[in-house]
Amino acid sequence: MRAHRIRWWVYLLAAALGVGGGAATAALEERYHVSLLGLPWFVSAMLVVFGGGVLVAAWQVRRYTTTEPRKRVQLRTVTPERAVDTLIMSKALALAGAVLLGWYAGELLMLVGHLQAPYYRQIAIECVVACAASLIDMVCGIIAESFCQLPPSEGPEHPKVEERKRMRGERRDRGVAWKGDDNDGEAAVPGR
């Protein structure tokens, strides 16, 4: 199974769905006078902290994947399961950030006509802060997703590996002695 990057238009679609949901919530609040708008400051702060945590976990995965295999022993904390979990969290964070950005932007758009009232002005400020926190989460998720991408594999047939072998003067049949390699003229069998 291969993981694919989330396309740019998926973020736009998620934000558009969020705008529709936020506008519908604002319309319900205005019509039925229930308090559904805004977001407490604490929740916006927790969104940013969660985005930073996912970004740190993704940085650890990136550091593990870009380190030489001999030096990876020092980075034992990153397991394949943890790397996959980090990738899933980064994708979820990016999509949730896009939806929430649209949601609070939709609420904000519906409140523009009521900003002279102190209650709606306070909710508009909360929505602006929530939009900023959601944008930070979306950006952190996109960056974290790119951090979890594996670098291209340089197998034995990779052109760079072949070029390095030619530069060092290595032979393809390394490890096997052929006629002309030693003085007695016989082919040596490895391990004998």
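Trp-59 is partly exposed, at a relative accessible area of 45% (buried is under 20%, exposed over 50%, partly exposed in between, with a 1.4 Å probe and protein chains only). The model is predicted: local features need pLDDT of at least 70, side-chain atom pairs count only at pLDDT 80 or more, and totals for chains, interfaces and linings use all residues. Residues are numbered from 1 along each chain as its sequence is written, and side-chain values use heavy atoms, without hydrogens and water.

**Exercise 1.** Determine how Trp-59 and Phe-147 pair.

Step 1. Rings of Phe, Tyr and Trp (its six-membered ring) pair if their centres lie within 6.5 Å; planes under 30 degrees apart are stacked, over 60 edge-to-face, the rest tilted.

Step 2. For Trp-59 and Phe-147, the centres are 5.4 Å apart and the planes 65° apart, hence edge-to-face.

Step 3. Trp-59 belongs to helix α2 and Phe-147 to helix α4 (residues 118–147), so the pair ties together parts 88 residues apart in sequence. Helices are DSSP runs (H or I, at least four residues), numbered from the N terminus.

Step 4. Phe-147 is buried, at 16% relative accessibility.

**Exercise 2.** Describe the packing of helices α2 and α3.

Step 1. Helix α2 (residues 41–66) and helix α3 (residues 80–111) pack at about 145°, with axes 9 Å apart; axes are lines fitted to C-alpha atoms over the stretch in contact, and angles run from 0 to 180 degrees between N-to-C directions.

Step 2. Contact (heavy atoms within 4.5 Å) involves residues including Phe-50 and Val-54 of α2 and Met-89 and Leu-93 of α3.

Definitions and conventions:
Helix = DSSP H or I, 4+ residues; strand = E, 2+ residues; numbered from the N terminus.
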